Amino acid sequence: MAVAAPSGGADAPTHASVATHVPAWDNDLPTREAPVPHTSTNTSGSGGVDTLADWICTVYASDIDHNGTYLSGNGWQSCSGSGYTPPKVDVKIQRSRWYGWETKSSASGNWEYDPWQELWDYYECAGTGTHDFRVVTTGYAQFGAYSQSVQSLNYLRINCD
């Protein structure tokens with residue numbers, strides 16, 4: 001029984017991206033989710049000092065998804081309490097290099113009076129070889145007076161050739 005060759009011929013190259021998630025190995029940023037609390041101290045009438053949480057913002061970075069050589073990731077920030085406004089969230093897709101992390105794509109949000117903000121970022125990695133990629137989300141509060149960055153829990157190791 002004869003088997004037909006693929007439409008590109010028997011020697012046609014196959015270009016399929018190979019990808020796996022690997023645990024985050026760099027400890028330069030916290031992974032996945034981190035709170036950004038702001039506290040103030042008040043002197044109570046009894047002579048003691050009370051610490052009160054005025055507000056808290058939680059920042060999150062997703063793992064990278066891929067469709068072939070098209071990468072995507074998202075991040076969000078959720079704030080509660082009073083005094084954090086306005087917040088903003090930024091998301092980056094970074095690639096590991098011998099000298100550190102290189103930002104390949106970024107998306108920047110707007111300063112808004114909304115306690116929930118989510119943002120997506122996209123990058124097409126065709127022809128770049130095999131690398132580890134991560135999502136980094138930075139959440140800001142009070143026009144940037146406070147910020148927190150987190151990275152994805154897992155990196156995407158992908159051959160983009």
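Accessible areas here come from the Shrake-Rupley method with a 1.4 Å probe, and for residues only the protein chains shown count as cover.

Before walking on, a word about what you are looking at. This is a predicted model, in which local features need pLDDT of at least 70 and side-chain atom pairs count only at pLDDT 80 or more, while totals for chains, interfaces and linings use all residues. Residues are numbered from 1 along each chain as its sequence is written, and side-chain values use heavy atoms, with hydrogens and water left out.

Let us start with the overall plan. The protein chain has zero helices and 11 strands, where helices (H or I, at least four residues) and strands (E, at least two) are DSSP runs numbered from the N terminus. Read along the sequence, the pattern is β-β-β-β-β-β-β-β-β-β-β. Of the 161 residues in the protein chain, 40% are buried; buried means under 20% relative accessible area, exposed over 50%, and partly exposed in between (1.4 Å probe, protein chains only). Contacts (heavy atoms within 4.5 Å) also tell a story: among those between residues at least 6 apart in sequence, 66% join residues at least 24 apart.

A61 counts as buried because its relative accessible area is 0%. Not counting residues up to four places away in sequence, A61 touches R32, N74, V135, T137, V150, Q151 and S152. With S152, 91 residues apart along the chain, the C-alpha separation is 5.0 Å. V59 and Y140 are 81 residues apart in sequence, yet their C-alpha atoms are 9.1 Å apart in space.

T138 lies in strand β9 (residues 130–141) and counts as buried because its relative accessibility is 9%.

Next, look at how two strands pair, which requires at least two DSSP bridges between them. Strands β6 (residues 88–97) and β7 (residues 100–108) run antiparallel and are joined by eight bridges. A hairpin links β6 to β7 through two residues, and S96 stands opposite W101 in β7.

Finally, turn to the outside. Y113 sits in the loop between β7 and β8 (116–124), and Y113 counts as exposed because its relative accessibility is 62%. Together with W111 and F143, Y113 forms a nonpolar surface patch with about 390 Å² of accessible area. N67, in strand β4 (residues 65–67), is exposed too, at 62% relative accessibility. N67 and E124 are 57 residues apart in sequence, with their C-alpha atoms 9.6 Å apart in space.

Notes: Patch = residues over 30% accessible without salt bridge, like charges linked within 9 Å, V, L, I, M, F, W, Y side chains within 5 Å. Salt bridge = Lys/Arg side-chain N within 4 Å of Asp/Glu carboxyl O.
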